[in-house]
Amino acid sequence: MIHWSKIQPKDAADIVLPRQGIQGPVDTEGKECPWPWEPQQLGGRPLGMYHCPYCGDIVVAGVSHVDYVTERWDTTTAQWVNLVEEAERQVPDVSP
Ligand SMILES: [Zn+2]
């Protein structure tokens, strides 16, 4: 199984998800985005956040498509939080 983020947009032109062998990003309803490579192609465009035309999720121009399996939107910092990295940062409380 290949994670979609390992595929470059130029190599994904003929790919439509879901597709066997490719793990796509999952939206808030648990569905895979049919073509998640658009946002990362739009770096430098004055778009900012917009709705992905393929799945409708909110994405950010120049940043990889959100994947609700591994990320969540933090409303206090207004940034995507990688849940894997966040879990690794959780330091156990060892105070007496
Ligand atoms: Zn999408």
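Start by selecting Pro18, which sits in the loop between β1 (2–3) and β2 (22–23). Helices here are DSSP runs of H or I with at least four residues, strands are runs of E with at least two, and both are numbered from the N terminus. Show the backbone at this spot: the peptide bond between Leu17 and Pro18 is cis, with omega at about 0°.

A quick note before moving on: you're looking at a predicted model, where local features need pLDDT of at least 70, side-chain atom pairs count only at pLDDT 80 or more, and totals for chains, interfaces and linings use all residues. Residue numbers run from 1 along each chain as its sequence is written.

Now zoom out to the whole chain. The C-alpha atoms fill a box of roughly 60 × 35 × 25 Å along the principal axes. Of the 96 residues, 16% count as buried; that label takes 20 or more other C-beta atoms within 10 Å of a residue's own, while 12 or fewer makes it exposed and anything in between partly exposed, with C-beta atoms placed from the backbone.

Next, select Pro46, in the loop between α1 (38–41) and β3 (49–51). Why is Pro46 exposed? Because 6 other C-beta atoms lie within 10 Å of Pro46. Draw a distance from Pro46 to Val26: these two are 20 residues apart along the chain, and their C-alpha atoms are separated by 26 Å.

Hop over to Ala61, in the loop between β4 (58–60) and β5. Ala61 has 17 other C-beta atoms within 10 Å, so it is partly exposed. To see who else is around, leave out neighbours within four places in sequence and show the contacts of Ala61 (C-beta atoms, placed from the backbone, within 7 Å). Up come Pro39, Leu42, Gly43, Arg45, Leu47, Gly48 and Tyr50.

Last stop: the hairpin. Strands β5 (residues 71–74) and β6 (residues 79–82) pair antiparallel over 4 bridges, where pairing requires at least two DSSP bridges between the strands. Pick out Trp73 and you'll find its bridge partner in β6 is Trp80. Between the two strands lie 4 residues, and Ala78 in this hairpin takes a positive phi near 55°.

Methods. Contact = placed C-beta atoms within 7 Å.
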